Amino acid sequence: MGFKIACHTITWGWKPFADHGEKMLTEIKKAGYEGVEFSPVHVSDIDAVKKIAKNIGLEIMGISAGDPAKGIEFAYNLGATAYVVGGPTFDSLGIKKAE
């Protein structure tokens, strides 16, 4: 089994995909990544994301989201190969960070 590396679009800050998506994905591909990871808060048009990623040659590898139910549905609709549990998920579940 091969190992692939993806880049999360959060690298560009909290910018909506509709405004900067094609530029972000193009830069991710030029940097040598094989795939991309998204958060649902950045994407409003799933079909546009899938089309741009396919045209650029990036695999949608992962989704990270605060609400697991919404995140998993979003990952499924985008055709992602992984769902990442992290960061905001703990806050949304009411789990406090260690002080």
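Predicted model: local features only at pLDDT ≥ 70, side-chain atom pairs only at ≥ 80, totals over all residues.
Helix α1, which spans residues 17–30, has a kink of about 25° centred on lysine 23.

**Helix α1 and its surroundings**

The buried residues of α1 are Phe17, Gly21, Met24, Leu25 and Ile28. These buried residues pack against strands β1 and β2 and against helix α2. After α1 comes glycine 32, which has a positive phi near 100°.

**The sheet**

Four strands form an open sheet in the order β1-β2-β3-β4, and their pairing is parallel. Strands β1 and β4 stand at the edges with a single partner strand each, so one side of each has no neighbour in the sheet. Between β1 and β2, the parallel pairing extends over 3 bridges. Within this part of the sheet, histidine 8 has glutamate 37 of β2 as its bridge partner.

| Strand | Residues |
|---|---|
| β1 | residues 6–8 |
| β2 | residues 35–38 |
| β3 | residues 59–64 |
| β4 | residues 83–84 |

Serine 39 is located in the loop between β2 and α2, the latter covering residues 46–56. Is serine 39 buried or exposed? Its relative accessibility is 9%, and residues under 20% are classed as buried, so serine 39 counts as buried. Apart from neighbours within four places in sequence, serine 39 is in contact with His8, Ser64 and Phe74. One of these, His8, is the histidine whose bridge partner in β2 is glutamate 37.

**Helices α2 and α3**

Helix α3, comprising residues 68–78, lies across β2, β3 and β4, and runs at about 170° to β3. For α2 and α3, the axes come within 10 Å and cross at roughly 50°. This angle makes α2 oblique to α3. The contact involves Ile46, Val49 and Lys50 from α2, together with Phe74, Asn77 and Leu78 from α3. The crossing of α2 past α3 is right-handed.

Definitions and conventions
Residues numbered from 1 in each chain as written. Heavy atoms only, no water. Pairing = 2+ DSSP bridges. Helix = DSSP H or I, 4+ residues; strand = E, 2+ residues; numbered from the N terminus. Contact = heavy atoms within 4.5 Å. Axes fitted to C-alpha atoms, helices over the stretch in contact; angles between N-to-C directions. Buried < 20%, exposed > 50% of the residue type's maximum accessible area, 1.4 Å probe, protein only. Bend = angle between axes of the 7 residues up to and from the residue. Parallel < 35°, antiparallel > 145°, perpendicular 65-115°, else oblique. Left-handed = near helix turned anticlockwise from the far one by under 90°.
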